[in-house]
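Please read it alongside the sequence and the structure shown here.

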Amino acid sequence: MAEEKKEKAAKPLKLADPVAASMDVATQEMIVRSHDLGIETVFDRAQTMKPCNIGIQGTCCKNCSMGPCRLPLPKSGIEGEDTRKGLCGATANTIAARNFIRMIAGGAAAHSDHGRCVAEVFMSAARKETEAYKIKDTVKLLAIAPHLGVETTVEVDGETKDRDIDEIALEVAEKALNEWGKAEGELLYPKRAPEALYEKWKKNGVLPRNIDREIVEIMHRTHMGVDQDYRNLIKQGTRAAIADGWGGSMLATDLQDVLFGTPSPILSEANLGVMKEDHVNIIVHGHEPVLSEMIVAVSQKPEIIEYAKSKGAKGIQLGGICCTANEILQRHGIPTAATFLQQELAIITGACDAMVVDIQCIFQNLANVAKCFHTKLITTHPIAKMEQDNVIHIEFDEHHALEDAERIIRMAIDNFENRGTEVMIPKHKATQVAGFGVESIEYHLGGTFRGSYYTLNDNIINGRIRGIAGVVGCNNARTRHNEGHITVVKELIKNDVIVLTTGCNGIACAMEGLLTPESAAVHCGPGLAEVCETVGIPPVLHLGSCVDNSRILLAATEVVKAGGLGNDICDLPVAGSAPEWMSEKAISIGHYFVVSGVYTVFGVTLPTSGAPVFHNYISKDLEKIYGGMWDIEPDPIKHARLMIAHIDKKRKELGIDKARERVLMDMADRQALDA
Ligand code: NFS
């Protein structure tokens, strides 16, 4: 049976070297396993398929059918005038800028459409049309309401009274949904940014009008023969990126927190070793927590566990991949099974009874791999189906969410007995503490004295903490799996830079054991180690999924508000990084970090290298406008050092550079200096 099934899998043309492909031992073992079974994975495909040298430079235009027009940089570079042009005359700068902002449109659309789905479920919950979803976190609801212009109190007979919570929820739902397509005005959440930043956006004309419009306008402006000035093109990219970070993503995070609970630190595990041979293994993969929350709830029902036992399993083991993993990890402690690049390997364990996917970052090849095993691959979202005939589509709907989830789980349980003999789960897994956020950082590193982020700011000012880095983003099969992530993060914490992580960087750090308080003593410089030990936190704080990068923006805003470190995000000793990025979402995230004032370094490559003038504009000139800028550095050590150099530059500008040697100045001294 297994032999016959194996025939269906494509045999890899060229085999990846497991050690060169990944630094993670579980991954290496599973790549060897895939070769033994003759099943091709992304690691092998990366050997056979090489990227196009022109596309990689960002200078291939296929926006009309006279092309594709290809404008690679000449080997000798460009001396004198750059005469390269497409048939219509489009320059390399125009082409690269158009491609770049189309990536922003793709990324912003993905995050924001996810946010819209959550907002629609939120509306159903607020209208009490669904049994499955309820307004869970009323504290967070009351916290976000004012930012959407929703009153939380009413005047009755001259007296101020609390407004009915159901009424507030309903109005929040209406106001939130309106953000995607309102006819007039501007997006509401950008006002949550530090005032100086908001004013900067206003002055430069980049305040988003509504989320959908900014994305549509990118598609219009990049259509053949419209916008032909890279500066004007990136300006629209800026508007759409703000609409993502300070709009669609931030709404997704907030509404998810209200519906499912605001995360707080929670203990769990990570890597393929979380799967259990004697359990029904259900892997949830994708991004929206709307479905996975239901899977978690149903999998814990006693009658369902009994059903699993009646089929010979000891229980049900859930595991997550990609940002769905981060969502159910931060709210329920469900272990993380894999990063983006390990998704096929989870099936190759032979122990995956069902893989349930929704949207984004899902390999179509999962279907081919699933054919070699008993694994049921279930798509659940109307906008994300697969053409292969072994894929089951169970369309998920908030109105019968629990029934859908139960059907899926029962299908997985029934499938347990169909497992072949070829089960091999790697033993490796690591302990992690995840579930940090703006609120829990305030709790751990805040303090009630003066400002909410007082202790954090104080430790930055006195130099124990050198600065803050946001390290985020994907894996990329063009670079060794997890090595960029881990090397960058270790170099930062070694130099007393505290790291906020999300997405697949968070998963990589978890697999490496960096998300435990104990890791501080092993990997951190003395200042950061002392702070982590005193407050009992890991040196790398996991803030959730990629839409939760909005938490990083708001944490930075809290740092500004707490005082003593300037009056804008661009004044802070902070830097951003995506060492192994690959998705359009990462470009959108990178750009909203940059235009929020953060120096942001990407690894691997950036599709701007073929257009040096445009590259120069986003990596140098943007700093003059927004205080943040893009940079590219594939070498992870150099990458981290660039970030540290920027942090030191900011410390110097703030006049706190000497503090790291003296560790003398405290918050009060600093505020006295500011006054
Ligand atoms: Ni982010 Fe999440 Fe991972 Fe990259 Fe994909 S999971 S939204 S895009 S690969 S970090």
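Strands, as named below, are DSSP runs of E with at least two residues, and they are numbered from the N terminus. The model is a predicted one.

## Surface patch

By that rule β1 (60-61) and β2 (69-70) are strands, and M66 is found in the loop between them. M66 has a relative accessibility of 47% and therefore counts as partly exposed. Together with L87 and M224, M66 forms a nonpolar patch on the surface, and the three have about 300 Å² of accessible area together.

## Ligand shell

The ligand has 13 residues around it, of which H287, C323, C361, C504 and C546 come nearest. Sorted by class, the shell holds eight nonpolar, four polar and one charged residues.

The ligand lies between domain 2 (272-418) and domain 3 (432-659), because both give residues to the shell around it.

## Helix α20

Just after α20, G513 takes a positive phi of about 80 degrees.

## Strand β12

A430 is found in strand β12, which covers residues 430-434. With 13% relative accessibility, under the 20% limit, A430 counts as buried. In sequence A430 and E269 are 161 residues apart, while their C-alpha atoms are 5.4 Å apart in space.

## Salt bridges

The count of salt bridges comes to 45. In one of them the side chains of E406 and K301 meet, with an N to O distance of 3.1 Å. This pair links distant parts of the chain, 105 residues apart: E406 belongs to helix α16 (residues 401-415), and K301 to the loop between α11 (289-299) and α12 (302-310). K301 is partly exposed, at a relative accessible area of 27%.

E653 and K650 form another salt bridge, their closest N and O atoms being 3.3 Å apart. The two are three residues apart in helix α26 (residues 636-654), so about one helical turn separates them. E653 is exposed, with a relative accessible area of 54%, whereas K650 counts as buried at 6% relative accessibility.

K658 and D657 also form a salt bridge, with 3.7 Å between the closest N and O atoms. Salt bridges that share partners join K140, R192, D254, D257, E327, R331, E439, D548 and R551 into one network.

Conventions. Residues are numbered from 1 along each chain as its sequence is written. This is a predicted model: local features need pLDDT of at least 70, side-chain atom pairs count only at pLDDT 80 or more; totals for chains, interfaces and linings use all residues. Side-chain values use heavy atoms; hydrogens and water are left out. A residue is near a molecule or strand if one of its heavy atoms lies within 4 Å of it. Ala, Val, Leu, Ile, Met, Phe, Trp, Tyr, Cys and Pro count as nonpolar, Asp, Glu, Lys and Arg as charged, and the others, Gly among them, as polar. Domain bounds come from an automatic or database domain assignment. Patches are made of residues with over 30% relative accessible area and no salt bridge: like charges are joined within 9 Å, nonpolar side chains (Val, Leu, Ile, Met, Phe, Trp, Tyr) within 5 Å. Accessible areas come from the Shrake-Rupley method with a 1.4 Å probe; for residues, only the protein chains shown count as cover. A salt bridge is a side-chain nitrogen of Lys or Arg within 4 Å of a carboxyl oxygen of Asp or Glu. Helices (H or I, at least four residues) and strands (E, at least two) are DSSP runs, numbered from the N terminus. Buried means under 20% relative accessible area, exposed over 50%, partly exposed in between (1.4 Å probe, protein chains only).
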